[in-house]
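Work through the exercises below with the sequence and the coordinates open. Each task is followed by its solution in steps.

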Amino acid sequence: MAIVDFKFALEQVPAVLKGVPWTITIAIVAMLFGLILGLLIALCRIYKVPVLNQLSILYISFIRGTPLIVQLYVFFYGVPVLVDYLNPRLGLHIDADEIPPLMYALVAYTINTAAYQAEIFRSSINATNAGQMEAAYSVGMTTRQGLTRIVLPQALLIALPNLGNVFIGLIKATSLAFAVKVVEVLAISKIIANDGYRFIEMYLVASIIYWVLCLVCEFILFKLEKRMSRSETRMGLNASV
Amino acid sequence: MKRNWLILLGATVFLAILAGCSNGGSSTTDDGKKIIKIALSDDVNPPFLYTDNENNPIGYDMDYLAEVEKRLPDYKFEYIFGEEESNLVGLDTGKVDMAINWFFKNPEREEKFHYPKYEYGYSLTSLITKTDRDDIKTLDDMVGKKFTPMSASGGLRSILNGYNTSNPDNPLTIESMEHPSNADNLKRVDEGKADAIFLNKSTFDAVQETLNLDLKVAGIVSKEPIFIVYNKENTELADQIDEITLELTEDGTLSNLSDKWFSIDFFQDLDYINEKGFSYN
Amino acid sequence: MSPSLQNWIDIFVRVLDKLPLTLLMMVLSLFFALLIGLGIAIIRIQKYRYLYGIATLYLSFTRSTPLLVQLFLVYFGLPQLLLIINVDINHWDRLVFAIMAFSFHTGAFLSEVIRSAYLAVGKDQFEAAYSVGMSYSQALRRIILPQAFLISLPNLGNNIIELLKDTSLAFTIGIIDIMGQVRIILGNNHGIGMFQIYVVISLVYWATCIIIESLVGYAEKVFRKGHVGLSK
């Protein structure tokens, strides 16, 4: 008897695909907010802003040092504890149960990914030559102008491949979102699998969907990098002329 | 394109490995006895199955298996903890010979695994509500009301899915999550954040011992026979154990065990059980 | 629910009890992953014709499917595949399968770390070594590898930490590591105190990770001693 019922697996694909929008929403929103938060944290660390710098170090170390699934649980069960604590003190009436699961997921994934993005930004900003900033000052730019016009565009280019990896990691990581009640690709697969114990088929469907999603993202990133580096070489040529 | 070719090859190898998952034989012999590997779910359910402080499995299930093992001189049982989903995959691929974890029977599952003829115990699936509510007695009363979030796997979920399949016009609203906490869910009902929780009676009793919430069993939905499940090829072993299960039921051993762990003999009928304290209303 | 101090300590002790197993899995997997990584890196650097394609495929697969799937393939799929050629490994300990899967997974990432470190040292170093009469293997041993090792240390550290966190999946196939212990504690008490228990385990992982980080940092310092930068 063959263990994998391919026909069954194939029939379930449309149902499982309904989870893809959730996966993509979590990945993209967390990525975007993570970019902003990560950049701010990176700047705090580079300019050694007192207190914020130390807090950032602690935060990054915690996020890097614990499995994502544990972070999700701490967050998911911690928020109600926090809400219970704050409600009477601030005169609020928030019911932690009424917060939609997607909200939990978006915030938790943003907190997670921002730590990684902060480290990427920090190293790529550091990789941009310090002389660049001095040159910006010498033509009368402020720190802010120097950062936004000169340093960050270059840093972003350096950071792009790593950011791409983070995004792909994020897509795979969304498979854990079921822990905070988001019914995404893997969750739908598990629900379908339960009635007839068809876990192999459903894991197969889910992993192929993830694989395809990752390949599509890799392809887009590849194109993006090619495009970006084209402008880079052109600049190089102009400089040498 | 070279890349596409590689991906195609990858997908093929991936499928081939999975397709290669045909049923393997059971494990090797040791001192003449045949080792039977039994998967236990990590989602432990006292008092059916849980662990002591050294992580040794204990509970009703284990006492039952110990009785069975005594009567099978040629076999030695070996227990393996694992996630329920992975246990079932393992059963499918022949990693383990059987799995025990109050498995409920349904036709779809019988297609996949071998179920024995005789059950070794029962679970009373029930609706738990606040003590002062009497509008909820059956699943029908729960249409349009709020359940606590429940796990995607497990027999309880299948009963609700089954209800929805047969009542497509008035389905129950079910919220899912991975590994919900029963204690937290009961507190949700207690605080009025959900109308009811669908739970096994024994689980409710066990949690109540610690939490003592203002809750009651509002209605027993079913008395589900529970089974061991076997790999499809293990029918011989299943038949042997079936005979022993029947023996143990008839000579009262299982009734005694039930009394020991649940303070009630669930082999009696529901009326008796109700009289003995599973009474609701 | 009022978690007393005693309660916290009890959970802490029970979780810590399983830390050696987690560390054992990590160290053994790391060892084999380094071997696999080195092999793959050499194949990719030397561009052996057929092996190169296989190595690339292996990298793509390990990087773009969830580790859980890989663990399942090794634990459930591999024995079935080997049964076809009459090799029965089903009775092997689960730990062996877990370590195999983690080595296989981490090896892919390490091969990229090793490869990029090797490439980062630069061709001119080889040329310089040849110009003073060294052979290829001498150049590799005396000039390239020591530098490549130093370059790769921070990335190696990152991957060791990722590996540590990855081992938390081992419980799905029934290995009671620290994560498994947590799941069993939660099952036994019906999920009372989820928050408390997960705080405890996150602290255990975090502390372990900090220790690893400082070890890697120390190693960097020790090995950097011999390294004199041009700027100095």
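The model is predicted, so local features need pLDDT of at least 70 and side-chain atom pairs count only at pLDDT 80 or more, while totals for chains, interfaces and linings use all residues. Residues are numbered from 1 along each chain as its sequence is written, chains are lettered from A and ligands numbered from 1 in the order in which they are written, and side-chain values use heavy atoms, with hydrogens and water left out.

**Exercise 1. Describe the contact between chain B and chain A.**

Step 1, residues. Chain B contributes 40 residues and chain A 29 residues, where contact means heavy atoms within 4.5 Å.

Step 2, area. The two chains bury about 3300 Å² between them, with 58% of it on carbon and sulfur atoms. Buried area is the accessible area (1.4 Å probe) that two parts lose on being put together, summed over both. Lys112(B), Met177(B) and Glu178(B) supply 17% of the area that chain B buries against chain A, more than any other three residues.

In the salt bridge of Lys112(B) with Glu201(A), the closest N and O atoms are 3.5 Å apart.

Step 4, elements and classes. On the side of chain B that touches chain A, the largest share, 8 residues, comes from α1(B). Helices (H or I, at least four residues) and strands (E, at least two) are DSSP runs, numbered from the N terminus. This side of chain B divides into 16 nonpolar, 11 polar and 13 charged residues. Ala, Val, Leu, Ile, Met, Phe, Trp, Tyr, Cys and Pro count as nonpolar, Asp, Glu, Lys and Arg as charged, and the others, Gly among them, as polar.

**Exercise 2. Describe the contact between chain C and chain B.**

Step 1, residues and area. Chain C gives 35 residues and chain B 42 residues. Together they bury about 3200 Å², 62% of it on carbon and sulfur atoms.

Glu83(B) forms a salt bridge with Arg183(C), with the closest N and O atoms 3.2 Å apart.

Step 3, elements and classes. α3 (49-64), α4 (67-84), α5 (94-121) and α8 of chain C each supply at least two residues of the side that touches chain B. The largest share, 10 residues, comes from α4(C). By class, this side of chain C has 18 nonpolar, 13 polar and 4 charged residues.

**Exercise 3. What lines the largest cavity?**

Step 1, volume. About 800 Å³ of space lies in the largest cavity. Of the 45 residues that line it, the closest to its centre are Asp43(B), Asn45(B), Ser151(B), Pro180(B) and Asn182(B). On a 1 Å grid over the protein atoms alone, a cavity is a set of points where a 1.4 Å probe fits but cannot get out, and lining residues have an atom within 4 Å of a point. Grid points are joined across faces, edges and corners, and a volume is the space filled by probe spheres set on the points.

Step 2, lining. Elements that each supply at least two lining residues include β5 (98-103) and β7 (197-200) of chain B, and α8 (178-188) and α9 (194-224) of chain C. β7(B) gives the most, with 4 residues.

**Exercise 4. How many helices and strands has chain C?**

Chain C has 9 helices and 0 strands.

Methods:
A salt bridge is a side-chain nitrogen of Lys or Arg within 4 Å of a carboxyl oxygen of Asp or Glu. On a 1 Å grid over the protein atoms alone, a cavity is a set of points where a 1.4 Å probe fits but cannot get out, and a pocket is an open set with protein on both sides within 12 Å along at least five of seven lines; lining residues have an atom within 4 Å of a point.
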